[in-house]
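Visitor: Can we go through this one together? I'd like to start with the cross-links and then move on to a helix and a sheet.

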Amino acid sequence: MPTALRAAAALIALCISTGLASAQSLPKNAPARTEIFPIPSLTLSDQQFLSGDAAAGKPVTVAGEFRVAQGSGKMPVVVLMHGSSGVSPTTDAWVHAFNAMGISTFVIDGFTGRGLTVVGPNQALLGRLNLIIDVYRSLEILAKHPRVDPDRIVLMGFSRGGQATLYASLDRFHKLWNRSGLQFAAYIPFYPDCSTTYQTDTEVAARPIRIFHGTPDDYNPVRSCKAFVERLKSAGRDVVLTEYPDSAHGFDSGLLGVNRVTVSANSQTVRNCHIKEGDGGVLMNGDTNAPFTYKDACVELNPHVGGNPATAAESQKAVVEFLQALFKLG
């Protein structure tokens, strides 16, 4: 073999061996690969969503970050949907935990592509149901990915994203908007807002729903979720609500060491609203029987947020054990 060819072969072998060594030395919670996906979606009013009026929607491209966990073949995935402040550092804590288990993650950013950063002080900036569209469109992408096990995709969300996660389970919404041909294996909402009653909302996917909430949460109070859970249980659905005392809204930020509660200045909360779906997909204020708006008297400001390291760790342990059983991980 000519000297030049021997040198080239040696260089290739060195690169391959170095790459393998690098991959073998990765910490368990580091992904083997990260991919960024554009997600073609729509921006809709709640009425357009509820009536299935896709033609009236404004096309938009949001984004998803897919971290492929270390391993081989088709792998389980957790899709994560953020809350009213966008993708947060807490999301990353969950991502690292799942990747360390051999579970890939797909983090959706439903704000940046819409020109948004936060919506807490003005929830009217984005319809309450838009993130469900993003979730279903992400499922279309994952359905075609060669490294994804389509039968082992779980949806998890936080606050506004927890609301999207909870209501993405509705059979009616799947029929209206989910074109992927897939169904999530489970739904894991963290401290969602359950204050809205939708038509046929006890007809949900035949999959587990596991809700995690805090007793003193005054942003999205747990009482409305308890009422919805009781209705779901009466309908024979597989739903469990885990409630943590001394745990404010966003308590899982305790995974980052956050251990204090503060006011979320000027953020809007519908904690004292009773919202229900009326005729033609119009969301109504149940107290006034007028169409609901964020200018209604029931909308209040300045709820509390904060972390609790103890219950954050407890909830993470519960989610990890649930996924280990669901995904049949060793």
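**Disulfides, a helix and a sheet**

Guide: A disulfide joins C194 to C225, with 2.0 Å from S to S. Keep in mind that this is a predicted model.

Visitor: Which parts of the chain does the link of C194 and C225 tie together?

Guide: C194 sits in the loop between β6 (186-190) and β7, while C225 belongs to helix α7, so the pair ties together parts 31 residues apart in sequence.

Visitor: Are C194 and C225 buried or exposed?

Guide: Both C194 and C225 are buried. Their link is right-handed, with 80° about the S-S bond.

Visitor: How many disulfides does the count come to?

Guide: The count comes to two disulfides. Besides the pair already described, C273 is joined to C298, again with S to S at 2.0 Å. C273 lies in the loop between β11 (268-269) and β12, and C298 in the loop between β14 and β15 (300-301), so parts 25 residues apart in sequence are tied together.

Visitor: What's the handedness of the link of C273 and C298?

Guide: Right-handed, with 100° about the S-S bond. C273 and C298 are buried.

Visitor: And what pattern do the disulfides follow?

Guide: Counting bonded cysteines along the chain, the pattern is 1-2, 3-4.

Visitor: On to α7. How many residues does it have, and how far does it reach?

Guide: Helix α7 covers residues 222-234, which is 13 residues. From first C-alpha to last it reaches 18 Å, close to the 18 Å expected at 1.5 Å a residue.

Visitor: Which residues of α7 are buried?

Guide: V222, S224, C225, F228, V229 and L232 are buried. They cover an arc of only 150° around the axis, which puts them on the same side of α7.

Visitor: What do the buried residues of α7 pack against?

Guide: They pack against α5 (160-167), β8 (209-214) and β9 (239-244).

Visitor: Now the open sheet of four strands. What's the order?

Guide: The order is β7-β12-β13-β14, and the pairing is mixed. β7 (196-197) and β14 (290-291) are at the edges with a single partner strand each, so one side of each has no neighbour in the sheet.

Visitor: In what sense do β12 and β13 pair?

Guide: β12 (residues 275-277) and β13 (residues 283-285) pair in the antiparallel sense, over three bridges. In that pairing, K276 stands opposite M284 in β13.

Key: Residues numbered from 1 in each chain as written. Predicted model: local features only at pLDDT ≥ 70, side-chain atom pairs only at ≥ 80, totals over all residues. Heavy atoms only, no water. Helix = DSSP H or I, 4+ residues; strand = E, 2+ residues; numbered from the N terminus. Expected span 1.5 Å × (residues − 1). Buried < 20%, exposed > 50% of the residue type's maximum accessible area, 1.4 Å probe, protein only. Arc of directions from axis to C-beta. Contact = heavy atoms within 4.5 Å. Pairing = 2+ DSSP bridges. Disulfide = S-S within 2.5 Å.
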